[in-house]
Amino acid sequence: MAFGLARQELNDWKKRAASGKIAFITHFWYDPRFPDMKTVTKVGCSDLIALEEWGKKYGLKKEWIHHRHGYPHFDLMGHRQTAILWAENKMDQVERLIKKTEKRNR
């Protein structure tokens, strides 16, 4: 279950991914199969070759690509998520969620 995501953020991700660019979106997430995971980053791109090549840089297998809802993507969680976000200079994805959590806890 996804939450903490504005409709415009999702639409922007879809537009970028559909245009053949590598697109990142991070949101809060809960799945009982992964009780320790609190967030997931979806890295999508409509150009499957580009997405596969991007994933190879980080040891991601093409078999791990989710082909759902017309937006092929990798799901990143845990240490791999953090390492890739750092490497891609996308830590703002996680920092945005931290700020939302801090506001709620005040």
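Keep in mind that the model is predicted.

The largest pocket has a volume of about 590 Å³. Of the 26 residues lining this pocket, those closest to its centre are Lys-42, His-66, Arg-68, His-73 and Asp-75. Which one gives the largest share? That would be β4, with four residues. Sorted by class, the lining of the largest pocket has 15 nonpolar residues, along with four polar and seven charged ones.

Now for the second largest pocket, which holds about 170 Å³ of space. Its lining is made up of Glu-9, Asp-12, Trp-13, Arg-16, Ala-23, Phe-24, Ile-25, Asp-92, Gln-93 and Arg-96. Two or more of these residues come from each of α1, β2 and α4 (92-104). Here α1 gives the most, with four residues. As for classes, five of the lining residues are charged, four are nonpolar and one is polar.

Next, take a look at helix α3, which runs over residues 78-87. Which of its residues are buried? Gln-81, Ile-84 and Leu-85 are. Seen down the axis of α3, the buried residues fall within an arc of 100 degrees, so they line one face of the helix. There's a handy bit of background here: an α-helix has 3.6 residues a turn, so residues three or four places apart point the same way. On the other side of α3, you'll find His-79, Trp-86 and Ala-87 exposed. Just after α3 comes Asn-89, which takes a positive phi of about 55 degrees.

Finally, let's turn to the charges. Side chains of opposite charge can pair when their charged atoms come close. Counting a side-chain nitrogen of Lys or Arg within 4 Å of a carboxyl oxygen of Asp or Glu as a salt bridge, the model has four salt bridges. Let's visit some of them.

Asp-75 counts as partly exposed, at 25% relative accessibility.

Another salt bridge joins the side chains of Arg-33 and Asp-31, at 2.6 Å from N to O. Are the two partners buried or exposed? Arg-33 is exposed, with a relative accessible area of 62%, whereas Asp-31 is buried, with 12%.

The side chains of Glu-53 and Lys-56 also meet in a salt bridge, at 3.2 Å from N to O. Both residues belong to helix α2 (residues 48-56), and because they are three residues apart, about one helical turn separates them. Glu-53 is partly exposed, with a relative accessible area of 43%, while Lys-56 is exposed, with 56%.

Terms used. Residues are numbered from 1 along each chain as its sequence is written. This is a predicted model: local features need pLDDT of at least 70, side-chain atom pairs count only at pLDDT 80 or more; totals for chains, interfaces and linings use all residues. Side-chain values use heavy atoms; hydrogens and water are left out. On a 1 Å grid over the protein atoms alone, a cavity is a set of points where a 1.4 Å probe fits but cannot get out, and a pocket is an open set with protein on both sides within 12 Å along at least five of seven lines; lining residues have an atom within 4 Å of a point. Grid points are joined across faces, edges and corners, and a volume is the space filled by probe spheres set on the points. Ala, Val, Leu, Ile, Met, Phe, Trp, Tyr, Cys and Pro count as nonpolar, Asp, Glu, Lys and Arg as charged, and the others, Gly among them, as polar. Buried means under 20% relative accessible area, exposed over 50%, partly exposed in between (1.4 Å probe, protein chains only). The arc is that of the directions from the helix axis to the C-beta atoms.
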